[in-house]
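I am opening my notebook on this structure.

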Amino acid sequence: MSQERSFYDDPDLYDRVSAPPPASVDFYVQLARDSQGDVLELACGTGRVTIPIAQALAHSGRSVTGLDLARGMLETARTKAATAGVAPDLVSGDMRRFALGRRFGLIFIAFNSLLHLTTNEALADCFACVRDHLAPGGAFAFDVFNPSVTMLARSPAERTTVVRVTDDTLGEIHVEATMDYDAATQVNRSAFHFSAPGRPDYLTVPIHLRSLFPLELPLLLATNGLRLEARYGDFGGEPFGSGSARQVCICRIADATAPAR
């Protein structure tokens with residue numbers, strides 16, 4: 001019988017199944033090096049970016065903070081940070097409503113995590129908190145996928161392989177994804193299905209993500225007081241285009257002389 005639970009209840013499983021996109025960690029580390037002031041990662045998870053940034057800035061006098069809603073993920077991040085010899089400030093909080101009482105030169109949300117905010121109201125709440133915490137001239141960065149109409153049109157019954165990982169107890173774990181896209185809300189109600197030898201579909205993990213389309217994104221940002229300064233198609237600075245898999249975005253607080261684009 002399949003069990004269902006949050007993907008974030010098991011930080012070790014999350015890290016094994018959901019690998020960061022190639023070059024993404026280096027991108028955010030370099031962005032942190034190039035920025036001024038302290039750094040804040042929202043939805044920091046198990047610290048896969050927070051910790052490398054803390055290592056890179058260890059002797060700079062700048063602080064690094066990671067915020068996440070899942071306490072188990074934060075506990076894993078603390079253990080990993082201690083092993084790495086760094087001590088970022090890891091705090092429990094919701095990226096829609098946080099008040100840290102300070103400002104940051106860089107705030108970022110990595111690996112599609114922004115898309116967990118599935119309504120315009122939730123996005124507006126997050127963007128308002130970002131504005132309140134950005135230092136003058138500070139940058140807000142994030143990456144989200146570029147929606148594929150072909151992918152979103154898949155039948156909910158269709159399965160695709162996500163990854164295969166080896167487990168000491170279960171043997172080879174086969175992870176498959178299904179998708180059920182709601183065009184009215186732009187939310188993809190996907191799920192990961194875990195199978196092992198003799199245990200088909202022993203675990204189902206729902207993952208609901210918003211789709212943000214390329215022409216919609218700058219308008220959402222502008223409506224919420226943010227200006228899209230640059231958008232790349234991947235983490236190497238490639239120009240964004242229709243064939244790009246991702247939207248890698250750098251934003252600033254909007255002002256009257258710099259219209260959104």
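**Entry 1: salt bridges**

The model I am reading is a predicted one.

I checked D94 and R96. Their side chains meet in a salt bridge, with 2.6 Å from N to O. D94 is buried, at a relative accessible area of 12%. R96 is partly exposed, at 29%.

Next I took E172 and R164. These side chains also form a salt bridge, at 3.3 Å, N to O. E172 is partly exposed, with a relative accessible area of 41%. R164 is partly exposed too, with 47%.

Then I turned to R227 and E229. Their side chains meet in a salt bridge at 3.9 Å, N to O. Is R227 buried or exposed? I read 17% relative accessibility, so R227 counts as buried, since the cut-off is under 20%. E229 has 28% relative accessibility and counts as partly exposed.

I also noted a network: salt bridges link D15, R48 and K80.

**Entry 2: helix α5**

I moved on to α5, which covers residues 120-133. How far apart should the ends of this helix be? At 1.5 Å a residue, its 14 residues should span 20 Å. I found the end C-alpha atoms 20 Å apart, so the expectation and the model agree.

Which residues of α5 are buried? I listed A122, L123, C126, F127, C129, V130 and H133. Looking down the axis of α5, I see these buried residues within an arc of 160 degrees, so they line one face of the helix.

What covers the buried residues of α5? I noted several strands, including β2 (39-42), β5 (104-109) and β6 (134-145). The cover also includes β11 (199-210) and β12 (226-232). The helix α7 (216-223) is part of the cover as well.

**Entry 3: confidence**

I ended with pLDDT. The protein chain averages 94, and 96% of the residues score at least 70.

Where does pLDDT stay under 50? I found that stretch at residues 256-261. For these residues the model has 9 contacts beyond four places in sequence.

Definitions and conventions. Residues numbered from 1 in each chain as written. Predicted model: local features only at pLDDT ≥ 70, side-chain atom pairs only at ≥ 80, totals over all residues. Heavy atoms only, no water. Helix = DSSP H or I, 4+ residues; strand = E, 2+ residues; numbered from the N terminus. Expected span 1.5 Å × (residues − 1). Buried < 20%, exposed > 50% of the residue type's maximum accessible area, 1.4 Å probe, protein only. Arc of directions from axis to C-beta. Contact = heavy atoms within 4.5 Å. Salt bridge = Lys/Arg side-chain N within 4 Å of Asp/Glu carboxyl O. pLDDT = per-residue confidence, 0-100.
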